[in-house]
Amino acid sequence: MSSGSVPRFVVAAPSSGHGKTTVATGLLAAFASRGLAVSPHKVGPDYIDPGYHGLAAGRVGRNLDAYLCGPERMVPLFLHGAAGADLAVVEGVMGLYDGATGHGELASTAHIAKLLRAPVVLVVDPKAQGRSAAALVHGFATFDPDVRIGGVILNRVSSERHEEIVRQALEEIGVPVLGCLPPSDAISAPSRHLGLVPVAERSAASVATVRALGELVSACVDLEGVLEVARSAGGLSDAPWDPRVAIGEPAGGRPRIAVAAGAAFTFSYAETSELLTAAGAEVVHVDPLRDETLPEGTAGLVVGGGFPEMYAAELSANEQLRAAVSRLAASGAPVAAECAGLLYLAKALDGQPMCGVLDIDARMTGNLTLGYRDAVAVSDNSLAVEGQRVRGHEFHRTACSPPAGQLPAWQWRAGSSEGFVQGGVHASYLHVHWAGAPKLARRFTEFAARVEAAA
């Protein structure tokens, strides 16, 4: 089966809190247990849900964000991720029609569903509703005639009588009920200040949660009916995204670039490593919680996001690796740090010594900074050229003092500056999906190759 004709559907909801992740993860686990090769996808910039998806499917979870990467790349990126799959499951973000603020449908679940020509399975928690649940579904089904609701899965329905009332009401409007899940505390994943706790931090508990979700969905959802909905998706004629095509001619040399991994740094898009590899790098991984040295021959370092504040003491205790990162940065090698990576390069995080690459102090705050950003590079640096524009996303409850360096990493459209450029170091709160700006990977690899050759 070609990826352009892979059966697929989008899991959406009227709003956050209805149980999209529960249902999507359970469906992935249920279909995978049947022996299907299932490709998991997530609408939006979220890093945590794809971890649960990947655990359920046995295949890396990928993001589809039309704001970060552009609408024109959504189908190619989807086809790239779904290559060789029997079925693709796409979990939405927020409510079905909620997208980038001020940009209409852009980056909404509905937008992605239309681009993918995929039917929607709407997850509805009908708490304190009877027939009104049908009015809600009817509104979502008719709001945009180009969005097709293939069926509804009811979640957290407390009684058989409640289920019967809602089912009858949905029958009146011709929307099939594909399943009905009861309340279950056994399958809830613990949450934190930015959402669910990442899979990498829970290990055995995550496996148990995902297995329980798969069993619940298998027992309570008409999987054949869901497959029938998935098979109704339209064909796609675009070519799959190819990191080699996005990069073009690879950079000279083959620098070894380490990418931070492990429980403290779980926020990373799969396409980042794929683009670095296409640019000519040898990509290796380092876990700052466990590894005391950088991989031998490391010529560049990428430290993405995560929850370092949860592991500040352990990260601080790994003095040998902190010193190795400091030496790498001092050598002029490129270091790209996003959000958690920025905190790791600071002098201290909540009073715990970090790498000391940047003369800043970081701390947890009570304020959430969240949203899409349009940014422009202020200078030529290891990641971008002056004037290069990117779209990114901020998502943190920490703050740095000072908030920007004398040479900042980015300037927002409003004129304020953010982040730090220092030698080969580029550190910022901004998360960027490199598939939307593949030149970043090429420039970073070229920079590493030049430093390596000079050394």
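Student: On the other side of helix 14, which residues are exposed?
Tutor: Glu319, Arg327 and Ala330 are exposed there. Keep in mind that this is a predicted model.

Student: What makes a residue exposed or buried?
Tutor: Relative accessible area decides. Over 50% is exposed, and under 20% is buried. Glu319, Arg327 and Ala330 are exposed, so each has over 50%.

Student: Which residues of helix 14 are buried?
Tutor: Leu321, Arg322, Ala324, Val325, Leu328 and Ala329 are buried. Each is therefore under 20%.

Student: Why are the buried residues of helix 14 said to line one face?
Tutor: Look down the axis of helix 14. The buried residues fall within an arc of 160°, so they line one face.

Student: How do you know what span to expect for helix 14?
Tutor: Helix 14 covers residues 319-330, which is 12 residues. The rule is 1.5 Å times one less than the number of residues. That gives an expected 16 Å, and helix 14 reaches 16 Å from its first C-alpha to its last. The two values are close.

Student: What comes just after helix 14?
Tutor: Glycine 332, with a positive phi of about 95°.

Student: What makes a space a cavity?

Student: Which strand gives the most to the lining of the largest cavity?
Tutor: Strand 13, with three residues. By class, the lining has 12 nonpolar, three polar and one charged residues.

Notes
Residues are numbered from 1 along each chain as its sequence is written. This is a predicted model: local features need pLDDT of at least 70, side-chain atom pairs count only at pLDDT 80 or more; totals for chains, interfaces and linings use all residues. Side-chain values use heavy atoms; hydrogens and water are left out. Helices (H or I, at least four residues) and strands (E, at least two) are DSSP runs, numbered from the N terminus. Buried means under 20% relative accessible area, exposed over 50%, partly exposed in between (1.4 Å probe, protein chains only). The arc is that of the directions from the helix axis to the C-beta atoms. Ala, Val, Leu, Ile, Met, Phe, Trp, Tyr, Cys and Pro count as nonpolar, Asp, Glu, Lys and Arg as charged, and the others, Gly among them, as polar.
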